[in-house]
Amino acid sequence: MSEIQWRKASYSDQNESNCVELAQRDATAILLRESDEPQTVITTTPAALRALTRAVRAGRFDQLSR
């Protein structure tokens, strides 16, 4: 298996260690982690990640930050 290539979020300062990182393991698995806790990895599907991204952009979680 090849080495996983992690990518930091585009809104993150590339020198900081407190951001979300993503990697694609294969066509069916997306990996997510926080750069300051790289040992904790969440696995999801591309479809589920798209649904989450759409929900966040639509403001469906805005009440959680209040």
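Buried residues make up 20% of the 66 residues in the chain, where buried means under 20% relative accessible area, exposed over 50% and partly exposed in between (1.4 Å probe, protein chains only). The model is predicted: local features need pLDDT of at least 70, side-chain atom pairs count only at pLDDT 80 or more, and totals for chains, interfaces and linings use all residues. Residues are numbered from 1 along each chain as its sequence is written, and side-chain values use heavy atoms, with hydrogens and water left out.

The chain has one helix and four strands. These are DSSP runs numbered from the N terminus, with helices (H or I) of at least four residues and strands (E) of at least two. From the N terminus on, the elements run β-β-β-β-α.

The strands form an open sheet in the order E1-E2-E3-E4, with antiparallel pairing. Its edge strands are E1 (7–8) and E4, each of which pairs on one side only. Two strands count as paired if DSSP finds at least two bridges between them. Strands of a sheet pair through backbone hydrogen bonds, either parallel or antiparallel.

E1 and E2 are joined in the antiparallel sense over two bridges. Here Arg7 stands opposite Leu22 in E2. E2 and E3 pair over six bridges, again antiparallel, and Ala23 faces Leu31 of E3 across this pairing. The two strands form a hairpin with two residues between them. E3 also pairs with E4 (residues 37–44), in the antiparallel sense over five bridges. In this pairing Ile30 stands opposite Thr44 of E4. E3 and E4 form a hairpin too, with two residues between them.

Ile42 belongs to strand E4. Ile42 is exposed, with a relative accessible area of 54%. Ile42 and Leu22 are 20 residues apart in sequence and 9.6 Å apart in space, C-alpha to C-alpha.

Rolling a probe the size of a water molecule over the atoms shows where empty space is left. On a 1 Å grid over the protein atoms alone, a pocket is an open set of points with protein on both sides within 12 Å along at least five of seven lines, whereas a cavity is a set where a 1.4 Å probe fits but cannot get out; lining residues have an atom within 4 Å of a point. Grid points are joined across faces, edges and corners, and a volume is the space filled by probe spheres set on the points.

The largest pocket has a volume of about 370 Å³. It is lined by 14 residues, of which Ala9, Leu22, Leu49, Thr53 and Arg57 are the closest to its centre. Strand E2 (20–26), strand E3 (29–34) and helix H1 (46–57) each supply at least two lining residues. H1 gives the most, with seven residues. The lining divides into ten nonpolar, two polar and two charged residues. Ala, Val, Leu, Ile, Met, Phe, Trp, Tyr, Cys and Pro count as nonpolar, Asp, Glu, Lys and Arg as charged, and the others, Gly among them, as polar.

Arg33 lies over the face of Trp6, at 3.9 Å from the ring centre. A charge sits over a ring if NZ of Lys or CZ of Arg is within 6 Å of the ring centre and within 35 degrees of the ring normal.
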